Amino acid sequence: MIKLHQFPAFWGLPNASPFCMKMETYLRMAKLPFEIVVTPDPRKAPKGKLPFIEDNNAKVADSALTIDYLKQKYGDTLDANLSPTQKAQALALQRLMEEHLYWAMVYSRWMEPANWAVVKKTYFSKMPALLRGFVPEMIRKNVMRDLRGHGLGRHNRDEVYQFGKNDITAIATQLANQPFIFGDQPTSIDASAYAFLANILDVPMPSPLQDHAKAQSNLVSYCQRMKERFYA
Ligand SMILES: N[C@@H](CCC(=O)N[C@@H](CS)C(=O)NCC(=O)O)C(=O)O
């Protein structure tokens with residue numbers, strides 16, 4: 001059976017890491033049997049990030065590479081009917097969410113003082129008290145470094161959120177009034193879209209990103225639809 005290694009779940013979400021939630025959602029959507037291995041420390045993962053899977057003797061890291069692997073090994077029921085244009089659009093949307101919107105979300109969690117207090121209390125609650133005294137701040141410094149390295153962290157607060165809000169608007173525009181990103185049937189890009197949107201909408205960390213996502217009623221009902229269909 002496939003083992004999905006991912007962070008512990010918080011806040012009633014399948015996972016507070018959008019990449020882990022994307023992976024779990026994909027496995028559920030593709031109806032592949034799997035079990036979850038809660039792995040709080042990403043340093044033990046093959047590429048130092050979560051999620052990764054174990055499938056018999058293979059370890060596969062990175063959600064996109066894992067989905068490619070699963071499609072090759074177990075077939076591609078979700079995306080088989082997408083046209084080449086839709087596949088190109090899916091890739092562009094995936095990059096928008098995973099390589100750009102993600103960082104605005106990271107900013108909202110780790111840089112906003114009130115949200116950082118929530119993150120600190122939640123993510124590190126199981127850590128021994130001695131380590132809790134300094135490890136969270138150390139990790140926060142690394143996140144700040146990564147935000148700067150990515151480039152989004154060099155902008156001011158308003159600019160970061162404007163970039164993120166534009167991304168959310170683009171997803172809402174693509175979805176329009178369809179049930180799923182490409183129409184009546186869910187495809188693998190819905191695993192990403194649901195994971196990233198729910199991680200903005202359904203977290204106890206207010207931000208202009210969350211306000212903007214809440215104002216897009218099609219995105220709110222989309223998340224509800226995905227939840228009912230794949231996490232009932
Ligand atoms: N490209 C990777 C990204 C995974 C990723 O960024 N995971 C984050 C959690 S959302 C992580 O493990 N961060 C830990 C770290 O950077 O130390 C994927 O698609 O799986």
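Here are some questions and answers about a predicted model, covering a helix pair and a few strands.

Me: At roughly what angle do the axes of helix H3 and helix H6 cross?

Reply: Two packed helices are described by the angle between their axes and the distance between the axes. For H3 (residues 84–110) and H6 (residues 135–150), the axes come within 11 Å. H3 passes H6 in a left-handed crossing. The crossing angle is roughly 145°.

Me: How many residues in the contact of H3 with H6 are nonpolar?

Reply: H3 brings Trp 103, Val 106, Tyr 107 and Trp 110, while H6 brings Arg 140, Val 143, Leu 147 and His 150. That group includes 1 charged and 1 polar residue. The nonpolar count is 6.

Me: How far apart are the end C-alpha atoms of H6, and what span should its 16 residues have?

Reply: Going by 1.5 Å a residue, the 16 residues of H6 should span 22 Å. The distance between its end C-alpha atoms agrees with that, so the value is 22 Å.

Me: Which residue in the hairpin of S3 and S4 takes a positive phi?

Reply: S3 also pairs with strand S4 (residues 58–61), antiparallel and over 4 bridges. One of the bridges joins Asp 55 to Ala 58. The hairpin has 2 residues between the strands, and the one with phi near 55° is Asn 56.

Conventions:
Residues numbered from 1 in each chain as written. Predicted model: local features only at pLDDT ≥ 70, side-chain atom pairs only at ≥ 80, totals over all residues. Axes fitted to C-alpha atoms, helices over the stretch in contact; angles between N-to-C directions. Left-handed = near helix turned anticlockwise from the far one by under 90°. Contact = placed C-beta atoms within 7 Å. Nonpolar A, V, L, I, M, F, W, Y, C, P; charged D, E, K, R; others polar. Expected span 1.5 Å × (residues − 1). Pairing = 2+ DSSP bridges.
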